[in-house]
Amino acid sequence: MYSDWIMGAFGGLMIGCAAAVFLLGNGRIMGASGILGGLFDSAEGNLRPERLAFLAGLIGVPAVIHLLDPTPAETGLTGNLALVMIAGLLVGLGTRIGNGCTSGHGVCGISRLSLRGMVATVIYISAGALTVAALRHLTGLI
Amino acid sequence: MRLLIALLAGGLFGAGLYVSGMTDTHKVQGFLDFAGAWDPTLMFVMGGAILPMAIAWRRTQSGTPLTGGSFPAASQAGVNRSLVTGALLFGAGWGLVGLCPGPAMASLSYGGLGGAVFLVAMIAGMLGAIPLRRRLDSRAHLA
């Protein structure tokens with residue numbers, strides 16, 4: 001339990017350092033949904049190579065760690081593919097309409113004391129908590 | 001240089017997500033489960049990540065990024081309809097299966113069929129969001 005919290009804080013420091021490298025190096029906000037979503041939105045300017053390089057690191061490095069890890073991580077994702085599909089659609093829609101996700105609004109926004117980031121984070125955590133409460137405790141679906 | 005920095009940032013982000021356990025959907029849903037066996041790990045991850053970024057933002061008050069250009073200005077949009085609507089939809093999907101965009105990509109290599117289905121659906125949602133956001137934004141201008 002406590003070791004999970006320590007690894008969480010340590011991994012969190014790495015995430016924050018990654019965001020700091022992207023900000024101080026390239027002048028960019030490290031938001032996962034924005035970097036991916038910008039690939040498909042012509043209004044987002046010509047940063048395609050930079051986005052692809054970021055995504056290559058984001059997908060490639062955990063793949064290598066997973067291969068080398070003696071106790072490899074598992075996602076524990078539900079096998080209910082209909083639920084997975086609905087969730088994916090909602091996450092894609094919501095992060096692009098709301099202009100950010102856990103990394104952009106959460107990590108980068110809160111650390112900047114951005115009102116938009118703080119309000120978005122309170123709303124998506126509340127919506128997520130309500131969803132888990134409704135599906136786990138009322139219907140037992142998840 | 002810009003590409004190398006992007007690759008390094010992406011890799012470090014992915015490694016941090018892996019190490020922190022945030023690609024485990026049970027940990028994420030455990031954090032959102034305030035009525036059950038609450039798992040605070042995500043809070044430690046957030047706290048750990050906000051710390052270096054708070055220092056980085058202070059350093060943006062003067063100077064320019066290493067590769068030139070300028071630091072991103074804060075959005076002037078304020079708390080508007082699209083921010084609230086988007087965060088509500090995102091949170092609902094996040095709670096449903098415990099994946100958000102960063103971990104969905106970081107776990108792509110070991111997330112199996114479900115992980116791939118999530119990513120494809122998420123990209124479809126992102127494409128669908130483009131016209132929707134325009135409508136919400138234009139209504140905000142009229143209001």
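Tutor: A polar contact is a pair of N or O atoms within 3.5 Å; within protein, one must be able to donate a hydrogen and the other to accept it, and residues adjacent in sequence count only if both atoms are side-chain atoms. This is a predicted model, in which local features need pLDDT of at least 70 and side-chain atom pairs count only at pLDDT 80 or more, while totals for chains, interfaces and linings use all residues. Residues are numbered from 1 along each chain as its sequence is written, chains are lettered from A and ligands numbered from 1 in the order in which they are written, and side-chain values use heavy atoms, with hydrogens and water left out.

Student: How many residue pairs are in polar contact between chain A and chain B?

Tutor: Both residues of a pair must be at pLDDT 80 or more to be counted. On that basis, the number of pairs between chain A and chain B is 21.

Student: Which helix gives the most residues to the side of chain A that touches chain B?

Tutor: Helices here are DSSP runs (H or I, at least four residues), numbered from the N terminus. Elements giving two or more residues to this side include α3 (48–68) and α6 (115–139) of chain A. By class, the side has 61 nonpolar, 29 polar and eleven charged residues, with Gly counted among the polar ones. The element that gives the most, with 22 residues, is α1(A).

Student: What area is buried between chain A and chain B?

Tutor: Buried area is the accessible area (1.4 Å probe) that two parts lose on being put together, summed over both. Carbon and sulfur atoms give 78% of the area. The total is about 9,000 Å².

Student: Which residue of chain A forms a salt bridge with B:Lys27?

Tutor: A salt bridge requires a side-chain nitrogen of Lys or Arg within 4 Å of a carboxyl oxygen of Asp or Glu. Four such bridges are counted between chain A and chain B. For B:Lys27, the closest N and O atoms are 3.7 Å apart, and the partner is A:Asp4.

Student: Is B:Gln29 buried or exposed?

Tutor: B:Gln29 is in helix α2 (residues 25–32) of chain B. Its contacts (heavy atoms within 4.5 Å), leaving aside neighbours within four places in sequence, include A:Val132, A:Arg136 and B:Leu96. Buried means under 20% relative accessible area and exposed over 50%, with partly exposed in between (1.4 Å probe, protein chains only). Because its relative accessibility is 7%, B:Gln29 counts as buried.
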